[in-house]
Every structure is written in C-alpha cells, then in structure tokens.
Amino acid sequence: MTHSLHSFPPRLALTLLAMAQLIIALDATIIFVALHEMGVQLQINAQQLQWIVSGYTVAFGGCLLLGGRAADLLGRRRIYRLGMGLFALASLVGGFSTSAWLLIGARAVQGIGAALLFPATLALINTLYAEGAPRNRALAIWSMASAGGLALGTLLGGVLTQSFGWSSVLLVIVPFASACALLGGWWLPRDPAPQVGRSFDLAGCFTVTLGGSLLVTTLVQGPEWGWLAPRTLGCLVVSALLLVAFVQIEQRSRDPLMQFALLRLRSLRAAMLLTLLFMSSFGVQYYFLALYFQDGYGWTALQAGLAFLPPTLVCTFGIKITERMLTRRSPRQVLALGMAAGAVGITAVAMALPFGATYWALLPGIVVLSIGQGMTWTAMWIVAGQGVPAAQQGVASGMAATAQQIGGALGLAVLVMLANAGRGAGAAGTSPEALQGLVNAQYGAAAFALLGVGVALWLRPQPQPDDAALQAACATER
C-alpha cells in the first residue's frame with residue numbers, strides 16, 4: 001500500500017532518497033585516486049591498501065539482508081537516519097585515521113551504513129510512490145543520482161587529493177551525510193507502529209551476515225590467495241556451512257528474516273540474476289579500463305578519472321531514455337535492449353583497446369555501453385520491487401542488492417583470472433601479455449552482458465500474487 005503523496009513533501013523526500021544513492025556511489029569511487037597517497041603517508045602495504053576498498057565492499061555485501069530486515073521491522077525512516085549517521089561518523093573517523101587498520105575499520109563501518117541505507121531507500125521509494133509512472137520517475141531520479149555520484153567521485157577524488165590531501169575524500173562526506181540524517185526527521189514520512197509479534201531473528205541475522213561477509217571476502221581475496229589454496233577452500237566451506245545453517249534456521253523460525261516465499265516471484269528471481277550479471281559486465285568497467293588507461297596509455301590517475309566523465313553523462317541520458325521507454329515498453333523489453341547494448345558496447349571497446357589506440361577510438365563503444373548501463377540499472381530495480389508486499393520491500397531490496405554485491409566480487413574475480421590466464425609470472429602490467437589480458441577480460445564482461453539478455457527475455461509477463469496471497473504463503477513458512 002502506498003502512502004498519500006500529500007502526507008509528506010514528495011520532492012523533498014525524493015531529494016533525500018536520491019542523496020543516499022549519490023553518497024553510496026560517491027564513496028565507492030572517490031577513494032580510488034587517493035589510495036596512492038594513503039599508502040605513502042600511512043605506510044600501508046599493498047594488501048592493506050586493497051582492504052581500504054574491500055573492507056567497504058565486504059561489510060556492504062554481507063550486511064544487506066540485515067539492513068533490509070531492520071528497515072522492515074524498525075522503520076524505513078529510522079534506518080535511513082541511522083545509516084546516514086553511521087556514514088557521517090565513519091567518514092569523520094576515517095579522515096583523521098593515523099593507522100591502516102583504523103582507516104580500514106572506518107571503511108567497514110561506512111559499508112554497514114550503506115547496507116542500512118540502500119534497502120531502506122529502495123523500500124521507501126517502492127512504498128511511497130505508486131507502481132507505474134510515479135515510481136518509475138522516482139527510480140529514474142534515484143538512478144541519475146547514482147550515475148552522478150560515480151562521475152563526481154572520480155573527478156572530486158582527484159581534485160581533493162591533489163589540493164587538500166587524502167583525508168579530504170572522506171571528510172567531504174561528513175556534512176552531507178549529517179544534513180541528510182537531520183533532515184530525514186522532517187522530510188520523510190513517520191514510520192508506522194511496529195507490528196506486534198515480529199522478532200529480529202538474531203540467529204538468522206548472525207549466520208547470513210557472517211556467511212555472506214565471509215563469502216564476499218573469499219571472492220575478493222581469491223585471486224591473491226589462489227583458488228585452490230587451503231585458506232580459500234576453508235573459507236568457502238565455512239561460508240557455505242553458515243549459509244546452509246541460515247536456510248535451516250529460516251525454515252524453523254516463527255518469524256524468519258527472509259521469506260523464501262518471495263522467491264516464488266519470477267520478477268524477484270530475475271532481478272537477483274540481473275543485478276549479479278549487471279555488476280559482472282557493466283560494473284567491472286571502472287576497474288579494467290582504469291588499469292588500461294594508466295598501464296596502456298600512460299595516463300595519470302586524474303586523467304583516468306576524467307575519462308570516466310563522458311560515459312557517466314551518457315549513462316544519465318540512458319536513464320532518461322528508460323523513463324520514456326517504460327511508458328510504451330515493458331521492463332522485460334527495456335532490460336533486454338539494455339543488456340544487448342552492453343554486450344555490443346563492451347565488445348566494441350575491447351576491439352578498440354589494443355595498445356596505441358586513442359580515447360576517441362573507444363568512444364563509440366563507450367557511448368553504446370553507457371546507454372545500456374543506464375537502461376538496465378533503472379529497469380532492474382523496477383522489476384525487483386514488482387509484486388512484493390509493502391511489508392517485505394526492505395528484505396526484497398536487500399536480496400537483490402546482495403546478489404549485486406556478490407556479482408561484483410565474483411565477476412571481478414573470474415575476469416581477473418581470465419586477464420591473468422595468458423600472462424607470464426614476471427610480466428609487468430605494461431607488457432603486451434598483461435594488456436591483452438585486460439582486453440580478454442572485456443570480452444568476458446561482454447559475455448556476462450549477453451547472458452543478461454537471456455535472463456531478461458525469461459522474464460515473461462505473468463500475474464503477480466497480491467499482498468494477501470503472498471503474505472499468506474509467507475505465513476505458512478513460519
């Protein structure tokens with residue numbers, strides 16, 4: 001059930017929801033350009049430096065279901081404000097860190113804040129705005145904020161690091177997150193009274209958070225540890241056991257964290273696959289292209305960051321196209337076109353990449369893949385919320401976002417293996433073998449996008465169960 005648009009200031013509320021996504025996207029990219037200076041000033045080794053990025057990813061990916069449950073149970077506005085408060089506090093601590101582990105810890109707390117914010121924000125959009133044009137419009141604006149955050153992160157990271165030092169990339173977030181946490185008390189609608197008889201399912205929260213975090217950690221570290229190393233295999237086994245224990249706990253719980261009846265919705269199953277494939281195709285572009293720009297073209301980090309500005313602007317254009325297309329086309333058709341554009345665009349970039357080419361040669365492929373990225377991003381979150389009861393929107397958003405984070409870690413790990421497959425043990429990053437490996441990884445990313453076309457076509461229109469029917473199915477699992 002959606003709230004009346006007259007019961008809260010809709011434009012101001014949407015501003016706060018878009019700001020949440022802008023901050024999450026900004027924080028994911030603003031750190032990259034500052035990593036070199038962090039390593040020098042704090043005397044951080046290469047493995048610790050990786051964990052400044054991975055600590056955020058692991059905490060974010062591992063805590064999303066917990067964040068979704070908290071939003072459904074404790075109230076979306078309350079969790080939004082808590083997530084923003086954590087973001088502000090962690091950014092402040094991170095900006096004044098004097099050691100590697102304090103900085104990594106602050107980044108992990110930022111990840112927890114993002115894991116609270118993301119499902120709460122999506123759940124608010126999916127319950128405050130009616131399904132159809134109002135919700136599509138809200139999701140398009142939310143998506144444009146995400147694209148803006150990615151672009152601003154690469155550009156702002158370079159400018160701030162060069163002008164004020166590495167700590168500024170964290171401290172710049174503090175006033176914005178603090179203001180959003182404060183304004184949420186006025187601009188977001190009040191949370192309804194908590195439902196009687198609902199519990200937090202602590203055993204389920206513990207096993208899925210620990211199991212999910214360990215799985216993402218292992219996928220991130222797998223290329224460095226070695227996939228057949230005892231440490232890697234041991235972590236995979238332990239994470240699998242924890243996730244199996246989670247399923248067993250949920251099947252016996254009177255009030256489970258995750259209602260498996262939600263998986264009866266083909267739209268949610270498809271959305272989970274699409275978010276996974278999205279990150280394995282579109283989501284890895286920053287990593288591989290940034291490496292090629294610097295190792296192959298010899299660009300500085302700031303030049304590489306500026307190179308991502310045009311594709312982000314084109315992605316915003318793709319989001320606007322999607323909003324208009326959805327008035328005439330189904331999300332299934334938009335998703336299939338978006339993923340197909342991704343496969344074509346990424347392949348065109350891979351063909352133009354070989355050493356000696358210029359940025360202009362890459363531009364046609366970048367334009368096509370960026371339009372596809374904007375189309376896919378908006379449409380897949382529309383699909384994720386279709387047919388989901390209002391009381392379950394937080395957990396459903398957490399499920400789709402968890403698949404997104406696992407897809408990012410797993411897709412990157414697989415493509416890094418592909419990139420290194422033909423590379424000699426002593427080959428430098430600028431060697432022909434290493435550069436060809438980056439091109440091969442791009443072809444792999446295009447293959448993931450092509451799989452996404454198949455998933456989108458599998459999403460055939462079907463009658464969705466209403467809230468009462470699905471709630472009844474959920475109740476039978478308790």
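View 1. At 13% relative accessibility, Gly444 counts as buried (under 20% relative accessible area is buried, over 50% exposed and in between partly exposed, with a 1.4 Å probe and protein chains only). The structure is a predicted model in which local features need a pLDDT of at least 70 and side-chain atom pairs count only at pLDDT 80 or more, while totals for chains, interfaces and linings use all residues. Residues are numbered from 1 along each chain as its sequence is written, and side-chain values use heavy atoms, with hydrogens and water left out. Gly444 lies in helix H18; helices are DSSP runs (H or I, at least four residues), numbered from the N terminus. Leaving aside residues up to four places away in sequence, Gly444 touches Leu415 and Leu418, where contact means heavy atoms within 4.5 Å. The C-alpha atoms of Gly444 and Ala456 are separated by 19 Å, and the two residues are 12 apart along the chain.

**View 2. Helices H17 and H18.** Helix H17 (residues 393-420) packs against helix H18 (residues 432-458) at an angle of about 140°, and their axes are 7 Å apart. Axes are lines fitted to C-alpha atoms, for helices over the stretch in contact, and angles run from 0 to 180 degrees between N-to-C directions. H17 and H18 are therefore oblique to each other (under 35 degrees is roughly parallel, over 145 roughly antiparallel, 65 to 115 roughly perpendicular and the rest oblique). The contact involves Val414, Leu415, Leu418 and Ala419 of H17, and residues of H18 including Gly437, Leu438, Gly444 and Phe448.

**View 3. Ala449 in helix H18.** Ala449 also lies in helix H18 and is buried, with a relative accessible area of 0%. Not counting residues up to four places away in sequence, Ala449 touches Ser281, Met339, Gly342 and Ala343. Ala449 and Asp255 are 194 residues apart in sequence and, C-alpha to C-alpha, 37 Å apart in space.

**View 4. Helices H4 and H8.** Helix H4 (residues 76-95) and helix H8 (residues 173-187) pack with their axes 8 Å apart, at an angle of about 160°. H4 and H8 are therefore roughly antiparallel to each other. Residues of H4, among them Tyr80, Met84, Phe87 and Ala88, meet residues of H8, among them Val174, Ala177, Ala181 and Gly184.

**View 5. The pair Trp142 and Trp381.** In the whole structure, a search finds 17 aromatic pairs. Trp142 and Trp381 form an edge-to-face pair, 6.2 Å centre to centre with 90° between the planes. Rings of Phe, Tyr and Trp (its six-membered ring) pair if their centres lie within 6.5 Å; planes under 30 degrees apart count as stacked, over 60 as edge-to-face and the rest as tilted. Trp142 lies in helix H6 (residues 133-164) and Trp381 in helix H16 (residues 359-385), so the pair ties together parts that are 239 residues apart in sequence. Trp142 is buried at a relative accessible area of 0%, and Trp381 is buried at 1%. One aromatic cluster is formed by Tyr56, Phe60, Phe118, Trp142, Phe278, Phe282, Trp377 and Trp381.

**View 6. Gln43 in a loop.** Gln43 sits in the loop between helix H2 (35-41) and helix H3 (46-74). Although Gln43 is not a glycine, its phi is positive, about 55°. Most residues other than glycine have a negative phi. Gln43 is exposed, with a relative accessible area of 72%.

Notes. Helices (H or I, at least four residues) and strands (E, at least two) are DSSP runs, numbered from the N terminus.
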